[in-house]
Amino acid sequence: MKNSKGFTLVEVAIVAVIGGILIVSLSNLLLNYINQTRQSSTERKIEIINEALQLHLDLRGRYPCVASMNAAFDTPQFGVEVADCSDAATPPSTFGATGADGLQIRIGALPVRTLNLPDDFIGDAWGGRFTYAVTATLADPDDFFDRDNGDISVIDNGTPANSLITPNGSAHYVVVSHGPNNSGATNLGG
């Protein structure tokens, strides 16, 4: 038995510890790569969405209104702007808000089918739907389009001095990805 070859318990333990360290390091690298890929994919989608919104404005003289937040993929309402985006109405399954200058803001899902985008552009790489908000007068076909009527603010930490838009309350529309934790997002299924 003295001539039998094998590993001692200490040698096996050392190999297991080194293997564990390598696995943890590689898994962290993989997670960082996946998160960076999702971030890049979402940023690219938003660039394409912005181009589609500008094209819609150029062709129709207005931005599209919001789409229903809870319409499922297999319904006719999915990704189609609601019919009434006027100041007087808050369309079903969307939200209304008042902007910095008192104009109405419509908040809902991105109208991907109205914009002729693929259905998967409804959401980001983390599985949440984009939130699209637009100043209602800039999406209403009955209103004169006035570039000075943007009324959306994006505030950092709730302080108007920390506005992410200059000047504060001047954005025509915003497209929001809710990020990795999907806080506040509607899931892709509606």
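Helices (H or I, at least four residues) and strands (E, at least two) are DSSP runs numbered from the N terminus. Before moving on, note that this is a predicted model, in which local features need pLDDT of at least 70 and side-chain atom pairs count only at pLDDT 80 or more, while totals for chains, interfaces and linings use all residues. Residues are numbered from 1 along each chain as its sequence is written, and side-chain values use heavy atoms, with hydrogens and water left out.

**Helix 1.** Now select residues 9-60, which make up helix 1. Its 52 residues should span 76 Å at 1.5 Å a residue, and the end C-alpha atoms are 75 Å apart, which agrees; the expected span is 1.5 Å times one less than the number of residues. Colour Thr-42, Lys-45, Ile-49, Ala-52, Leu-53, His-56 and Leu-57, the buried residues of this helix. Buried means under 20% relative accessible area, exposed over 50%, and partly exposed in between (1.4 Å probe, protein chains only). Their cover includes strand 3 and strand 4.

**Arg-62.** Step into the loop between helix 1 and strand 1 to find Arg-62. With a relative accessible area of 12%, Arg-62 is buried. Show its side chain together with that of Glu-81: the two make a polar contact at 3.0 Å. A polar contact is a pair of N or O atoms within 3.5 Å; within protein, one must be able to donate a hydrogen and the other to accept it, and residues adjacent in sequence count only if both atoms are side-chain atoms.

Four of them form an open, antiparallel sheet in the order 1-2-3-4, where two strands pair if DSSP finds at least two bridges between them. Strand 1 (95-98) and strand 4 (173-176) stand at the edges with a single partner strand each, so one side of each has no neighbour in the sheet. From one strand to the next, the twist averages 20°. Helix 1 packs on this sheet, touching strand 3 and strand 4, and its direction makes about 155° with that of strand 4. Such angles run from 0 to 180 degrees between N-to-C directions, with axes fitted to C-alpha atoms, for helices over the stretch in contact. Zoom in on strand 3 (residues 131-135), which pairs with strand 4 over four bridges; here Thr-131 stands opposite Val-176.

**The cores.** Which residues have the most contacts inside the largest nonpolar core? Select Ile-49, Leu-53, Tyr-63, Leu-110, Tyr-132, Val-134 and Val-175, in a core of 28 residues. A nonpolar core is a set of buried Ala, Val, Leu, Ile, Met, Phe, Trp, Tyr and Cys residues joined through side-chain atoms within 4.5 Å. Helix 1 gives the most to this core, with four residues. Centre on Ile-49: leaving aside neighbours within four places in sequence, its contacts (heavy atoms within 4.5 Å) are Leu-110, Leu-117, Phe-121, Phe-130 and Val-175. A second, separate core of six residues includes Ile-105, Ile-152, Ile-165 and Ala-171.

**Val-134 and Ile-152.** Finish with Val-134 in strand 3, buried at a relative accessible area of 0%. Beyond four places in sequence, its contacts include Tyr-63, Ile-105 and Ile-152. Ile-152 itself lies in the loop between strand 3 and strand 4 and is buried at 6% relative accessibility.
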